[in-house]
Amino acid sequence: MNERSRFAKYSFQSDGEFARYTVAAKLALPALGFTSLRVKPAEMPVRALGSLRIGPTAAANEHLGIAIESNGTLTLTDKATSQTYTGLLTFEDVSETGDGWFHARSVNDEAILSSASPAQVSVVQDGPELVAFRVTVWLRVPCRYDARQEKPTGETTELPVSSVITLRRGARVVEVETTVDNTAEDHRLRVLFPTDATGAQTYLAHHPYDLTERAIALDRQTANWQESEQQEKPFLGLQAVGHDQRGLAFLAPAGLHEGGVMDDQRRTMTVTLLRSFRKTIADTSGRDGLEAGRLTFRYALLPFAGALPRAEAFRMLAALQAGIYTRQTGKRPSGFPALTGTDTARQFIEAKFGRLVVSAIKPPEQGKGLVVRLWNPSGRKQTETLQFWRAPKRAAYVTLGEARLKSPAPKVTGQTVTIEAAPHAIVSVRVEW
């Protein structure tokens, strides 16, 4: 949970000494709504006994099992299919002689991998609601690239890479937060996820309002082009590869937008964490691309079988992006106005079936009401029902410019509005009360 106000921090006005704790608890959180909690001291100790941890460096919930290996990689088991994914969270570092437009590496380069690195593992959270491990590996990489000699310099620096791996009770994803202290120049750091989906010939990459299917094998006709086809390509928030009973989706709520799948036997999924480069188009003095200092990246891994459950994957991505907004009231209101009203919990809008992806909820440009925009990630017509906190008077399909369409209006029944969407369609609905 996040306190969104600097006033939440205690100051000299506090009532003596205090301690701050992060607590994991099972809560019923309404969709696009709120719930209120009263936190107060207990007369007797309150303990939640038990843990999701099943071994010193392993944990499991109802759907997934995870284990941290001695080299810092992650082993993930999908209980629904008994498929196990090994070697996840392998880090690869190579030289970067490109720029903001194009990745390039030295011909005289070598790839540095964390596969044989010593790893330090610590247990950050240990309880029945969640378990979190912190895994740190260290890569010894060149300090920079010598452009005149066309090879990395002999001087090296240590690159610490630390990942907090979290498994929650009931979750179908494993959450990861990776922090890199970047002290090197002219290099690219990627994280690798061998999927062993050996029969896959294509993979899926998220772009606005669609999932693009891309070939894994590179186009050999581009081999003698000035800029040949690259394995790494852009994506928005999700990429996935799978075949038969094996599949793995990478969910990135923000900040990671370059990846792909290697044309190797293990069908290794790749994601670029950073590209630290000095070269800038039309500017020989720039250093803005070095990405020096501490960088933190959040993402999640979703195993699946058969076809990717597209709408469910995007729902999970949206939950990672939104997080939980918290505010404090009472004697220390955290800088917010005091809460009023009698509701302890309320839900404002819920997509009942999760078949469509909610893209936007906004007031209309003119008049009152709400505009809800959704899109269909599947190749089949889908029907979705939106339930509102009170009964709408009317609803209508509108264009992206919010002009009313002449097509039949969505069905309004009590507090719900039923929406239909053609395959891969974008649908905007205006709801009025």
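Helices (H or I, at least four residues) and strands (E, at least two) are DSSP runs, numbered from the N terminus. In those terms, Thr179 has its place in strand 15 (residues 174-182). The structure is a predicted model, in which local features need pLDDT of at least 70 and side-chain atom pairs count only at pLDDT 80 or more, while totals for chains, interfaces and linings use all residues. Residues are numbered from 1 along each chain as its sequence is written, and side-chain values use heavy atoms, with hydrogens and water left out.

**Thr179 and its surroundings**

Thr179 counts as buried because its relative accessible area is 17%, where buried means under 20%, exposed over 50% and partly exposed in between (1.4 Å probe, protein chains only). Not counting residues up to four places away in sequence, Thr179 touches Pro160, Val161, Ser162, Arg294, Leu295 and Thr296, contact meaning heavy atoms within 4.5 Å. The C-alpha atoms of Thr179 and Ala24, which are 155 residues apart along the chain, are separated by 22 Å.

**Nonpolar cores**

A nonpolar core is a set of buried Ala, Val, Leu, Ile, Met, Phe, Trp, Tyr and Cys residues joined through side-chain atoms within 4.5 Å. The largest such core has 49 residues, and Phe193 and Phe250 have the most contacts inside it; its largest share, six residues, comes from strand 11 (residues 130-142).

Helices (H or I, at least four residues) and strands (E, at least two) are DSSP runs, numbered from the N terminus. In those terms, Thr179 has its place in strand 15 (residues 174-182). The structure is a predicted model, in which local features need pLDDT of at least 70 and side-chain atom pairs count only at pLDDT 80 or more, while totals for chains, interfaces and linings use all residues. Residues are numbered from 1 along each chain as its sequence is written, and side-chain values use heavy atoms, with hydrogens and water left out.

**Thr179 and its surroundings**

Thr179 is buried, with a relative accessible area of 17%, where buried means under 20%, exposed over 50% and partly exposed in between (1.4 Å probe, protein chains only). Not counting residues up to four places away in sequence, Thr179 touches Pro160, Val161, Ser162, Arg294, Leu295 and Thr296, contact meaning heavy atoms within 4.5 Å. The C-alpha atoms of Thr179 and Ala24, which are 155 residues apart along the chain, are separated by 22 Å.

**Nonpolar cores**

A nonpolar core is a set of buried Ala, Val, Leu, Ile, Met, Phe, Trp, Tyr and Cys residues joined through side-chain atoms within 4.5 Å. The largest such core has 49 residues, and Phe193 and Phe250 have the most contacts inside it; the largest share of this core, six residues, comes from strand 11 (residues 130-142). Leaving aside its neighbours within four places in sequence, Phe193 is in contact with residues including Leu88, Leu89, Leu248, Phe250 and Met269. A second, separate core of 18 residues includes Leu238, Ala240, Leu320 and Trp375.

**Strands around Ala240**

Two strands pair if DSSP finds at least two bridges between them. Strand 20 (residues 238-243) pairs with strand 17 (residues 202-207) in the antiparallel sense over two bridges, and Ala240 is there the bridge partner of Leu204. Strand 20 is also joined by six bridges to strand 21 (residues 246-251), again antiparallel, with Ala240 opposite Ala249. The hairpin of strand 20 and strand 21 has two residues between the strands, and Asp244 takes a positive phi near 60° in it.

**Pocket and cavities**

On a 1 Å grid over the protein atoms alone, a cavity is a set of points where a 1.4 Å probe fits but cannot get out, and a pocket is an open set with protein on both sides within 12 Å along at least five of seven lines; lining residues have an atom within 4 Å of a point. Grid points are joined across faces, edges and corners, and a volume is the space filled by probe spheres set on the points. Of the 16 residues that line the second largest pocket, His206, Leu236, Phe314, Gln321 and Trp375 lie nearest its centre. Helix 1 (310-322) and strand 28 (357-362) each give two or more residues to this lining, and helix 1 gives the most, with four.

There are two cavities of 30 Å³ or more. Among the residues lining the largest cavity are Asn71, Leu89, Phe91 and Val161, whereas the second largest cavity is lined by residues including Tyr203, Gln231 and Lys233. For the classes below, Ala, Val, Leu, Ile, Met, Phe, Trp, Tyr, Cys and Pro count as nonpolar, Asp, Glu, Lys and Arg as charged, and the others, Gly among them, as polar.

| Space | Volume | Lining by class |
|---|---|---|
| Second largest pocket | about 270 Å³ | eleven nonpolar, five polar, no charged residues |
| Largest cavity | about 50 Å³ | five nonpolar, four polar, no charged residues |
| Second largest cavity | about 30 Å³ | five nonpolar, one polar, one charged residues |
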